[in-house]
Amino acid sequence: MHLKFSSSEEAFRDELRTFFTTAIPKDLRERSAAGKLNYPEDIVTTTRIMNEAGYAVPHWPTEWGGQDWTPIQHHIYREEMSLASVPDMLPFNAGMIGPVIAQFGSQEMKERFLPKTANLDIWWCQGFSEPEAGSDLASLKTRAVRDGDHYVVNGQKTWTTLGQFADWIFCLCRTDPDVKKQAGISMLLFPMDTPGVELRPIQLIDGGYEVNEVFFNDVRVPVENLVGEENQGWTQAKFLLGNERSGIARVGYTKTKLARAKELAREITAADGKPLIEDPFLAARLAELENEILALELTQLRVVASSADGKPNPASSLLKLRGSQLQQEAMELLADIAGPDSLPVAGLDPAAPNGSADIEAPEWAQLSVPTYLNYRKVTIYGGSSEVQRQIIDKAVLGL
C-alpha cells in the first residue's frame, strides 16, 4: 500500500477539519479536551450538529444517514474528530444498536428507531454483561419468556455505562434455555422507564459514577421489539462487537494526549531547574510512545485499506488490543508528569462532577490520576485483552 494520502483525501481532511473547528462550539471542544464534558447536554448538542451536516453516522447505510466513504475516509474522519477534540458520537447509538437495527431489524423497526438513534432523540444503553457473564457473554442468565404478544424479562445486567441518561436499552436475553447457550439468546429493545426496570449506580475506583447495575423484575416487552428473529441474538451480538472494535484503537485521541504530555513537559521545571522534557528517562518514554502510536497508526491504515464492503475485520482485535494499551500508557505518562500535584485527588469532592475541593494544584494534574484509574477499563470493555488475543490466534493467525 502507499503510505501517502491522495490529493482528494487531503482535501477531504481539510473539509472535515474546517467543519469540526467551526461548527462545533469552541467551549464544548475545550471541555472535551480537558475531560470535563457536561453530560448529557454536550453529547446531544454535538450529535445534532453532526447529524444535520451528515457526519453523525457515516458508517451506516446511506438510506439511513450514512456516507458512501472509503475506509480511508472513515479513518481520516475519526482522526480529525479526535485532533479537534470533538466528543465521540455516543457509541451505543452510532456504533452498536444503530448498525444492528440497520442489518437485522424489520423495515418498520428501522423507520421507527434509526432516525431518532442517529439524532440522539433516543439515548441507548447496552444490556449485555452480567455478574457471571462478562467476557463469557454467552453464559448470560437474564430470561425472556414469551407470554402472548409480550416477553416477560427477569434478571440482571451490570456495568451498564451511562445508563442513568438512557431512554432505551438493547438487552440480550435467554429465550431458549434448552439449547447450546449461544443458540438460545435474543435481543430485545425496551424503554428504561418500563415498569420493573430498576437502575442502581456503581461508584468506580476514580470516584465517579459512570456505570450501573440494572435489574429486571417481570418487565413486559412487546414482541414487536424483538430485533430480527428469536434466538438470533448471538449473531447480532457478534456483529455489534465487531463494529465496536473497528474504531476502538483511538489513535487520534492518544495522539492528542501525547501532544499534551510534551507541552506540559516543556512547561514544568524539574528539581534541577531544567524543563522536565530534558530528563533523559522522560524523553525516552515520550519517544517510545510516539513510535508505538505511529506503528499502530500504520497498522490501522493497512487494516482499513484492506477492509471490504465495510464488514468488520478480525484484525480489528489487534487494533483494539494495542490501542487500549497505548491509551493507558498515555494516561500513566500524564499522571507521572503531574507528579506530587496529582496526589490531592484524595481531596476530590465526589459530589462535584469533574470538580475538586479547594486545593492548590493545577486542575489538569488533579484530574490526571482519576483519569488514569478510569482508563484501566479500556483493556476490558469491547472484549478484554485476553479475548482479543484469542480472536487473533484463531481468526487472524489461524492457530
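Leaving aside its neighbours within four places in sequence, which residues is Glu210 in contact with? Hold that thought for a moment, everyone, while I say what we are looking at.

This is a predicted model, where local features need pLDDT of at least 70 and side-chain atom pairs count only at pLDDT 80 or more, while totals for chains, interfaces and linings use all residues. Residues are numbered from 1 along each chain as its sequence is written, and side-chain values use heavy atoms, with hydrogens and water left out.

Back to Glu210. Its contacts beyond four places in sequence are Thr160, Thr161, Leu162, Gln164, Ile202, Leu204, Asn374 and Lys377; contact here means heavy atoms within 4.5 Å. Glu210 itself sits in strand 7, residues 209–222. Helices (H or I, at least four residues) and strands (E, at least two) are DSSP runs, numbered from the N terminus. With the side chain of Lys377, the Glu210 side chain makes a polar contact at 2.9 Å. By polar contact I mean a pair of N or O atoms within 3.5 Å; within protein, one must be able to donate a hydrogen and the other to accept it, and residues adjacent in sequence count only if both atoms are side-chain atoms.

Now, the overall layout. The domain assignment, which is automatic or from a database, gives domain 1 (5–88), domain 2 (123–228) and domain 3 (246–345 + 356–395). In the model, residues 8–119 are 68% helix and 0% strand, whereas residues 125–219 are 0% helix and 51% strand.

How do domain 1 and domain 3 meet? Their centres, taken over C-alpha atoms, are 21 Å apart. The contact draws on 12 residues from domain 1 and 16 residues from domain 3. Together they bury about 1,100 Å², 56% of it on carbon and sulfur atoms; that is the accessible area (1.4 Å probe) that two parts lose on being put together, summed over both. Across this interface the rule finds three salt bridges, a salt bridge being a side-chain nitrogen of Lys or Arg within 4 Å of a carboxyl oxygen of Asp or Glu. There are also six residue pairs in polar contact across the interface of domain 1 and domain 3, both residues at pLDDT 80 or more. On the domain 1 side, the largest share, seven residues, comes from helix 4 (residues 71–83).

Most residues other than glycine have a negative phi, and most peptide bonds are trans. Yet the peptide bond from Tyr39 to Pro40 is cis, with omega near 0°, and Pro40 is in the loop between helix 2 (26–33) and helix 3 (41–53). Asn231, in the loop between strand 7 and helix 7 (233–246), has a positive phi of about 70°. Trp159 has a positive phi too, near 60°, and its place is the loop between strand 3 (150–157) and strand 4 (168–174).

Let me finish with Trp159. In sequence, Trp159 and Asn212 are 53 residues apart, but their C-alpha atoms are 5.3 Å apart in space. Beyond four places in sequence, the contacts of Trp159 are Ser129, Ile202, Leu204, Val211 and Asn212. Thanks, everyone!
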